[in-house]
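Please look at the sequence and the structure together before reading on. The paragraphs after them go from one region to another.

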Amino acid sequence: MAKISINLATGSLQQEEIIVGIDLGTTNSLVAFINPDKNPQVINDTGKGLLVPSVVHFNAKGDALVGNEAKDFLITDPANTIFSVKRLLGRSYKDVAGHQDTFSYKIIDDENDSLVKIKAGDKFYTPIELSAEILKELKARAEHALKTPVNRAVITVPAYFNDSQRQATRDAGRLAGLDVLRIVNEPTAASLAYGLGLDPNQQKTIAVYDLGGGTFDVSILSIQNGIFEVLSTNGNTFLGGDDFDRSIVHYWIEKNKLDAAALAQDSGLMQSLRLKAEEAKKALSSQNLFNEQIGDIWCTLDKQTFEELIAAKVAETLNSCKQALADSKLTVAEIDEVVLVGGSTRTPYVKAQVAEFFGRPPHDQINPDEVVALGAAIQADILAGNRSDILLLDVTPLSLGIETMGGLMDVIIPRNAKVPTKAGRQYTTSIDGQVNMKISVFQGERDLVQENRKLAEFDLKGIPAMPAGLPKVDINFMLNADGILTVQAIELRSGVKQEIDITPSYGLTDDTVEKMLIDSITHAKSDVAQRMLIEARSEGEQLAYTAERFIEKHGSFLTPEEISDTKTHIEALKQALAKAEKDEILKKADELNEFTRPFAERVMDVAVSSAMKGKSIDK
Ligand code: AMP
C-alpha cells in the first residue's frame, strides 16, 4: 500500500474549502470551525445561540423543525417531537427496551435485531434520518454564518460507541449532505482542544471526565506519536445534571410539605419546579445561597445542602473512574492530565471531587459545553492540511466491506482506518437449510455494491443445515501493514472456516481513488435513500417469509379466523413490497408484527423465534 497523505485519503479535493467540527450531542449539538485568526470557534448564526438543542419536531405535513423551535413542542406535541435521538442511533429495540419510559414518542419494535425506528405522524423515521435533520440544521447555520458552502465535517461520538453506532453517525452525515471525513471520539476532541496530542513527541495518559445533562462517561486515553488510543471507558448513560435537578425538586417538595401525589398530576407546576431547580443549581456554581419562590412555595437552597443532595451521584461517577482505571490497568498516579467536559462539571463540588480523586487540578479553562466541538474543529483543520504538524499515516483510502441483503455494501473497515487494523461482524443465513454462503468483498464508499469495486468472492461451504437465522457466521477482515487484506469466514456452531488473501490497492491509482470518493459524495443522498428502501424491503420480505412459515408449522395453535387475518396482513405487506415504498412497507410490516406477536408468544417456539432474529446475507 502506498503511503497516502491525509488529504488524499480523506478526499479533500479543494484545499481552501472549510471543514467544520460537529459535536452531535444527546441534548445539544454544536458546530465549530477554525477562524481566520487560527483559533477554534463555535459558530453562532445571527445570534441564534451556540447550542442547537438536539430536538426534531414534525408538523402535520411531515416537515421537520430543529432546535429551539422544536423544543417548544416537547410539551405541546410530545408524540411528534423527538429528543435524545443519539441514544437510539445504531441501536436495536432490544438495546433500548428497558428505557422506553424515557421517550415520549413511539419506538417501533419489529421483533428482530435490526435497528429501531421512530414513528411520527404516519411516517417512520430511522435515528439516522433524525440525526441527519439535526446535522442539516448545523450545516445550514454554518453556511449562513460563514457565507460559504459547507460540505465536509468531522463528527464526534462517545468513545464507547460501537461500530454500528459510528456507522450510523457517518450515514447521518452523508444524508445531511456532508462528507464525513472522520468520526472522532469525544474525549479525543476534548483533549485536542486543550492542545494535548498536538505535539507528536508528546507521550501522555489522559482521563476525560464528561458529565452532561443526562449522561456520564469517563475515558482513559493514551497519546503516543500523535495517535490517540482509548484504553478504557466507563460511565452511566442515565446519570447527569438532570438527576441533580430532580434531587433539588424532591428536597423542596419535602421542605414545603407538598403532596407528591397531587404534584405528579400537575405537570405544569412540576415543570416550573424542575426549571427553578436547574436555576438554583447553576446559581450555586457561583454563589452560596439561592432563595426564591414559586407562588407560596419556598425554593431555598444553600450550597452545602446542595452538595449533600448530589454527593451520592457524584460518588457514583468516581466509582466509574475507579473502574476505568482498573480496566486500563493504570493507577491514579499514572494519569498525566485530567480534562473536564459537559455542563455539569461547572458545579464546583464536582470539579473538586474529580480533582481530589485524580490528585491534580483538571483542565477546566475552556467552556465545558464547547470543548468537544472546538476539538473537532482542530481535528478538521489537521485533516484539511492547515497545520504544520500534519500527520502522515498509513491509512486505507477506501472502505472495505462485503455484500449483504439486496446488494448493499456493509462496511467492515471504513476508509481512513489506520493500518494495520482488523474488524469483524457476525452474519446469519436467510433461508432454512442454507449450507453455503457466498462472501463477496468490495471496496468503495457507495451504498450499493454494484457501484463499488469488487475485490474477491468465495463460498463458505459445509454449514450444517439449520433453520434460517441460527448459523452464526463471523466475517473478519485483517488488513496488515503491507496492505494485504485477509478475509476469514467462520461458522461458529460448526467451526467451518474459509480464508482468502487480497491486495486491495492492486491496480488502484490515485485518480481512481479520487473519482470513487467524488462519486460517493455526489451520490450520497440517493444512496442512503436507496439503502433504506432496500433494508425495509429485506426486512419486509423476511417477515412475510417467517410469518408464512409460522402459519404452516404452527397453524394448529391458531383459530381459522386468526390464520385468515394473518394471511390478509401478509398479503398487504407483499403488496407494499411490490410498490417499493419504504414507509408503506414499514407500516404493513409493523401491522403484521403487532397482529402476530400474541401468537408467537402463545407458541413459544424457541427455534422459530430465534429464526426471526438476525441480520442475514442473501443466497
Ligand atoms: P451538557 O449536556 O454538557 O450540555 O450539560 C448540560 C447540563 O449542565 C445540564 O444539566 C445543565 O443544568 C448543567 N449546567 C449548565 N450550566 C451549569 C452551571 N453553571 N452549573 C452547574 N450545572 C450547569
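What follows describes several strands, helices and single residues in turn.

The structure is a predicted model, in which local features need pLDDT of at least 70 and side-chain atom pairs count only at pLDDT 80 or more, while totals for chains, interfaces and linings use all residues. Residues are numbered from 1 along each chain as its sequence is written, and side-chain values use heavy atoms, with hydrogens and water left out.

Helices (H or I, at least four residues) and strands (E, at least two) are DSSP runs, numbered from the N terminus. Two strands are said to pair if DSSP finds at least two bridges between them. In general, strands of a sheet pair through backbone hydrogen bonds, either parallel or antiparallel.

An open sheet is formed by three strands in the order E7-E6-E8, with antiparallel pairing. Its edge strands are E7 (64–66) and E8 (81–82), each of which pairs on one side only. Strand E6 (residues 56–58) is joined to E7 by three bridges in the antiparallel sense. Within this pair, His 57 has Leu 65 of E7 as its bridge partner.

Another open sheet has three strands in the order E9-E10-E11, and here too the pairing is antiparallel. The edges are strand E9 (106–108) and strand E11 (123–125), which each pair on one side only. Neighbouring strands of this sheet are turned against each other by 40° on average, direction ignored. For such values, axes are lines fitted to C-alpha atoms, for helices over the stretch in contact, and angles run from 0 to 180 degrees between N-to-C directions. Strand E10 (residues 117–120) runs antiparallel to E11, and three bridges join the two. Ile 118 has Tyr 125 in E11 as its bridge partner. Helix H5 (residues 127–146) packs on this sheet and touches E10 and E11, its direction making about 80° with that of E11. Contact here means heavy atoms within 4.5 Å.

The next stop is strand E15 and its two partners. Which strand pairs with E15 in the antiparallel sense over eight bridges? Strand E14 (residues 204–211) does, and Ala 207 stands opposite Ile 220 in E15. E14 and E15 form a hairpin with four residues between them. Strand E16 (residues 227–236) also runs antiparallel to E15, joined to it by nine bridges. In this pairing Phe 216 stands opposite Asn 236 in E16. E15 and E16 form a hairpin with two residues between them, and Asn 225 in the turn has a positive phi of about 50°.

Eight of the nine residues of E15 (residues 216–224) are buried, so this strand is largely enclosed by the rest of the structure. Buried means under 20% relative accessible area, exposed over 50%, and partly exposed in between (1.4 Å probe, protein chains only). Ser 219 lies in E15 and counts as buried because its relative accessibility is 1%. Leaving aside neighbours within four places in sequence, the contacts of Ser 219 include Ala 159, Pro 187, Ile 206 and Thr 233.

Tyr 194 is found in the loop between helix H7 (186–193) and E14. Is Tyr 194 buried or exposed? At 15% relative accessibility, Tyr 194 counts as buried. Among the residues that Tyr 194 touches, not counting those up to four places away in sequence, are Val 339, His 363 and Ile 366.

Two helices come next. The axes of helix H8 (residues 241–255) and helix H10 (residues 267–283) come within 8 Å and cross at roughly 110°. That makes H8 roughly perpendicular to H10, because angles under 35 degrees count as roughly parallel, over 145 as roughly antiparallel, 65 to 115 as roughly perpendicular and the rest as oblique. Residues making the contact include Phe 244, Ile 248 and Trp 252 of H8, and Leu 273, Ala 277 and Lys 281 of H10.

Strand E23 (residues 421–429) pairs with E26 in the antiparallel sense over seven bridges, with Ala 423 opposite Phe 477. Strand E27 (residues 485–491) runs antiparallel to E26 and is joined to it by seven bridges. Here Ile 475 stands opposite Ala 489 in E27.
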